[in-house]
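The following paragraphs guide a new reader through one protein structure. Please consult the sequence and the model alongside the text.

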Amino acid sequence: MSDNRQRSPDRKFALIAPLAIGGAAIVVLVLVLTRPTPAPPAPEPPPPVVAAPPAKVAPAAVVSRGDLIEAAAKAADAYASGAASGGGDLVGRRFSVRLAFGCAGPVADPGPAQAYYQVDGKASSLRLVARPSIWTDLPLVRAAPTPADTETVEGFWIPRPWLTGDLCPKRREVAPPATPTPVEQPSLGLAVLHGQDAARTERRGQRPYEHVLKLPPDSPAQGRVFELVLEGRISGFADGAAGHCWSESAEHRPVCLFAVDLDRVAFEDADGVVLADWPRQSR
């Protein structure tokens, strides 16, 4: 006999609840699995690169008399030993040398002196003179690699290349030797290589630099010292060397010349007062 009694609602709920919970869990799982993965956060842009300011390059020091003497000593050594000339690091650099003259007082007959002064007692004046040398036909110049268009070469010797300072040498009273030796010939010079197209005004030739200095009343003419100032740029020879040397034999001291562009010639007194000035454009 069948049981037609109505089942209680609690029993139905007990049967349905697990199914509902299971279905909800499945839905949640499906949602979790099918949910799109969020895009990762965009990386922060790198900080802007700030370029470091360019390093300041200190200008090369002006080449002095002492620097030229040192470079010439190395060039003479290289020549005597058969090594390369070198000295290319000086090319393009500015130079300034001061050549003291009148160290022994005024002269009546200058002879071959490069720079000197003479006294005119009647006119109460001094005449300052500097005479460039013409080196176009020197064996050193003919042997050196000068630019192809070089037409003339002239310049100034740097006297006493064993003295690195700009002042006059110290005079000493010494007993004369039994057999006096001749004064050493110049061995270091600054050469200006004039090309065929160079302005004629830049070539001194036989024209010395001259200046007449009027003397105040009762001003002494003796014991005066002056300076020949030479300034410019080291241009170098065609092979890139600043200077070249040559000697008559292995027993002769090499003579060395630096190729330069001469921008200024001046006379100054011992206190640095400019007495006469010849900048390049006015020569």
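What volume does the largest cavity have? The volume of the largest cavity is about 70 Å³. A cavity is a set of points on a 1 Å grid over the protein atoms alone where a 1.4 Å probe fits but cannot get out, and lining residues have an atom within 4 Å of a point. Grid points are joined across faces, edges and corners, and the volume is the space filled by probe spheres set on the points. Eleven residues line the largest cavity, and Glu154, Val192, Glu202, Tyr209 and Leu262 are the closest to its centre. Strand E5 (150–157) and E6 are the elements that give two or more residues to this lining, with E5 giving the most, three residues. Strands (E, at least two residues) are DSSP runs, numbered from the N terminus.

This is a predicted model: local features need pLDDT of at least 70, side-chain atom pairs count only at pLDDT 80 or more, and totals for chains, interfaces and linings use all residues. Residues are numbered from 1 along each chain as its sequence is written, and side-chain values use heavy atoms, with hydrogens and water left out.

Arg200 lies in the loop between strand E6 (188–195) and strand E7 (209–214). Arg200 is exposed because its relative accessible area is 55%, where exposed means over 50% and buried under 20% (1.4 Å probe, protein chains only).

Gln114 is placed in the loop between strand E1 (94–101) and strand E2 (115–120). Gln114 counts as buried because its relative accessibility is 15%. The side chain of Gln114 reaches the backbone nitrogen of Trp157 at 2.7 Å.

Conventions: Helices (H or I, at least four residues) and strands (E, at least two) are DSSP runs, numbered from the N terminus. On a 1 Å grid over the protein atoms alone, a cavity is a set of points where a 1.4 Å probe fits but cannot get out, and a pocket is an open set with protein on both sides within 12 Å along at least five of seven lines; lining residues have an atom within 4 Å of a point. A polar contact is a pair of N or O atoms within 3.5 Å; within protein, one must be able to donate a hydrogen and the other to accept it, and residues adjacent in sequence count only if both atoms are side-chain atoms.
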